[in-house]
Amino acid sequence: MQYKLSTRNQNTVSIHYANATKILVMNQKGGVGKSTVTAALVSHLLACDYKVNVIDFDKQRSSHDWADCVNSGCSQTYSPSFRSLSEMALSLKVSRDAEFVILDSPSNFTREEMARYTHFVDAIILPMSPSPVDLHASLPFIKDVIDSGVLTRRNIALSFIINRCVEQNKNVERVTNLLNHFRQFPTLGRMSDSHHYQDAFYYKRPIDTSIDKALWQNTISWLSELKTPQKDVIR
């Protein structure tokens, strides 16, 4: 499963031309679990024998440091700031045989930076935490993403994951009900507050795929529906 990722390797290709399905895990709010969702998604895709690359846009490098230990050579860090889209198309490369590329966004980015993050992707997964503070910050951001037109212009699919869910937490139900206002975009499920997610980062190991199994099966099923031969990867 391990394979070398090098920008000088003939087995790499520009992200612009890659046949892989490219998924951006994004939320402008920090602390909502973007890196945890990235690690869990990568763990489940690898368990299904998919070939996966990880691109970490975040300066903290949490996703990269984890992924480089779990699947050595498949991960890279990259700073899109101050780069033109044409420069990104030339310099940002992935494995030619990658089937999925998971990109982890930082927090507190501008609309111009968001345009760079989303330009090459097929789908966005937006994690949300059920805390009132995170809810207050995330809902206006969701509306901003939709109103910006980036989804329709680039034919990008959008979905939600509710993270850090604890049983009998009324805020979880509140988030679920509020997301129903965006019902054209699916809520893939609820991610528990299991210690296994954080342990994976501490011990640098894959996340146990028995945790929240229904959520991740639903997520992979949704992503698989995006992998159609008719999809034009040259934008």
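I began with helix H4, residues 111-118, where I found Glu113, Met114, Arg116, Tyr117 and Thr118 to be buried. I note here that I am working from a predicted model. When I looked up what covers the buried residues of H4, I found that the cover includes strand E2 (21-25), helix H3 (85-91), strand E7 (123-128), helix H5 (132-148) and helix H6 (150-153).

Next I turned to Pro80, which I located in the loop between strand E4 (75-77) and H3. I count Pro80 as buried because its relative accessible area is 3%, and the cut-off for buried is under 20%. Leaving aside neighbours within four places in sequence, I listed Phe57, Met88, Arg116 and Tyr117 as the contacts of Pro80; Arg116 and Tyr117 are among the buried residues of H4 that I had noted above. I also looked up how far Pro80 lies from Asn171, 91 residues away along the chain, and found their C-alpha atoms separated by 35 Å.

I then looked up the largest pocket, for which I wrote down a volume of about 250 Å³. Its lining is made up of 18 residues, and those that lie nearest the centre are Gly31, Lys34, Ser35, Asp58 and Gln60. Which helix gives the most to this lining? I found that H1 does, with three residues, while helix H1 (34-47) and helix H8 (195-203) each supply at least two. Sorting the lining residues by kind, I have three nonpolar, 10 polar and five charged.

Finally, I followed H1 to its packing with helix H9, residues 213-226, and noted an angle of about 75° with the axes 10 Å apart. That angle makes H1 roughly perpendicular to H9, since angles of 65 to 115 degrees are counted that way. On the H1 side of this contact I listed Val37, Ala40, Leu41, His44 and Leu45, and on the H9 side Trp216, Thr219, Ile220 and Leu223.

Conventions:
Residues numbered from 1 in each chain as written. Predicted model: local features only at pLDDT ≥ 70, side-chain atom pairs only at ≥ 80, totals over all residues. Heavy atoms only, no water. Buried < 20%, exposed > 50% of the residue type's maximum accessible area, 1.4 Å probe, protein only. Helix = DSSP H or I, 4+ residues; strand = E, 2+ residues; numbered from the N terminus. Contact = heavy atoms within 4.5 Å. 1 Å grid on protein atoms, 1.4 Å probe; cavity = no way out; pocket = protein on both sides within 12 Å on 5 of 7 lines; lining within 4 Å. Points joined across faces, edges and corners; volume = space filled by probe spheres on them. Nonpolar A, V, L, I, M, F, W, Y, C, P; charged D, E, K, R; others polar. Axes fitted to C-alpha atoms, helices over the stretch in contact; angles between N-to-C directions. Parallel < 35°, antiparallel > 145°, perpendicular 65-115°, else oblique.
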